[in-house]
Amino acid sequence: MNKIIYTLLFVFGLISLTSCNDYETYADLKEKEQDAISNFIAREGIQVIDEATFKNQGETTDTTRNQFVYMSRTGVYMQILRKGCGSPLEDKKSISLLCRFMEKNLLTDSVLIRNDQKSSFYLTSIGQYIDTSQYVDKMFVTRNGTTITAMFESGMMQSYHSSTSVPGGWLVPLNYINVGRPEKEGDQIAKVRLIVPHSQGTADASSTVFPCYYEISYERVK
């Protein structure tokens with residue numbers, strides 16, 4: 001009888017040890033996230049600059065050097081491809097913006113959703129595949145001093161993530177770009193590239209701890 005009990009205890013011990021080894025703490029997940037970000041930066045040949053350098057450069061990033069500025073408060077890395085036409089988002093003002101984007105999970109190196117080019121996506125609400133390039137994301141944005149808030153009104157981000165919440169990382173560029181609408185030849189809308197940690201990402205990214213890479217354009221609605 002004792003032999004059977006000891007055998008059972010040994011088996012249970014092995015099961016418990018295996019379970020412990022399989023369990024990942026929040027710290028483990030954050031470390032994997034940071035490794036994914038660091039690997040992406042190295043692989044893409046990104047030159048990271050600090051906010052002081054960014055400010056001295058007129059709040060621009062040198063795309064010929066593939067510069068991204070690291071925003072220490074949010075942990076977001078940002079590259080401004082185009083400042084854009086028009087003017088910055090005004091204080092005490094609410095506007096709607098149209099966005100085209102690409103969202104990539106940096107842990108799996110896979111594109112999750114995009115509407116910046118033709119892409120097939122199964123929309124459960126209608127039970128069929130759609131071309132996402134036909135759908136421009138629309139978000140309602142409000143600025144009060146240095147605080148910017150937003151919610152999705154329509155588009156692929158809302159459909160894919162089942163949420164109207166706009167990732168905090170998407171709002172960081174609005175402090176530095178113009179939000180206009182082309183009115184004459186040569187006018188271009190603002191476009192940025194972002195590396196966004198889970199803490200500034202979607203609800204999906206926050207809950208499972210993964211960073212995302214984005215390419216986003218912003219255009220003001222008339």
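Reader: How many bridges join strand β10 to β11?
Author: This is a predicted model, and what follows is computed from it. Strand β10 covers residues 190-196 and runs antiparallel to β11. The number of bridges joining β10 to β11 is seven.

Reader: Is strand β11 largely enclosed by the rest of the structure or open, and how many of its residues are buried?
Author: A residue counts as buried when its relative accessible area is under 20%. In a regular strand, side chains alternate between the two faces of the sheet, so each face has to be checked. On one side of β11 are C212, Y214, I216, Y218 and R220, and on the other Y213, E215, S217 and E219, all buried. Strand β11, residues 212-220, is therefore largely enclosed, and the count of buried residues is nine of the nine.

Reader: Which residue in the hairpin of β4 and β5 takes a positive phi?
Author: β4 pairs with strand β5, residues 110-114, in the antiparallel sense over four bridges. One of the pairs is M102 with its bridge partner R114 in β5. The hairpin has four residues between the strands, and the residue with a positive phi, near 55 degrees, is D109.

Reader: Is N66 buried or exposed?
Author: The cut-off for buried is under 20% relative accessible area. E59, at 29%, is above that and counts as partly exposed. N66 has a relative accessible area of 18%, so N66 is buried.

Reader: Which residue makes a polar contact with the side chain of E51?
Author: E51 lies in helix α3, residues 51-56, and is partly exposed at 33% relative accessible area. Leaving out residues up to four places away in sequence, E51 touches V69, Y70, M71 and S72. A side-chain polar contact of 2.7 Å joins E51 to S72.

Reader: How is L81 classed, buried or partly exposed?
Author: L81 is found in strand β3, residues 76-82. Residues up to four places away in sequence aside, L81 touches T63, K191, V192 and R193. Its relative accessibility is 28%, and the buried class needs a value under 20%, so L81 counts as partly exposed.

Reader: Which residues does H161 contact, leaving aside neighbours within four places in sequence?
Author: H161 sits in helix α4, residues 156-161. Its relative accessibility of 11% makes H161 buried. The contacts of H161, leaving aside those neighbours, are E103, T202 and D204.

Reader: Which elements give two or more residues to the lining of the largest pocket?
Author: The largest pocket has a volume of about 340 Å³. Its lining is made of 14 residues, and R73, T74, T146, V172 and N175 lie nearest its centre. The elements giving two or more residues to that lining are β9 (147-154) and α5 (168-171).

Reader: How many charged residues are in the lining of the largest pocket?
Author: The 14 lining residues can be sorted by class. Five are nonpolar and seven are polar. The number of charged residues is two.

Key. Residues numbered from 1 in each chain as written. Predicted model: local features only at pLDDT ≥ 70, side-chain atom pairs only at ≥ 80, totals over all residues. Heavy atoms only, no water. Buried < 20%, exposed > 50% of the residue type's maximum accessible area, 1.4 Å probe, protein only. Contact = heavy atoms within 4.5 Å. Polar contact = N/O pair within 3.5 Å; in protein donor to acceptor, adjacent residues only side chain to side chain. Pairing = 2+ DSSP bridges. 1 Å grid on protein atoms, 1.4 Å probe; cavity = no way out; pocket = protein on both sides within 12 Å on 5 of 7 lines; lining within 4 Å. Points joined across faces, edges and corners; volume = space filled by probe spheres on them. Nonpolar A, V, L, I, M, F, W, Y, C, P; charged D, E, K, R; others polar.
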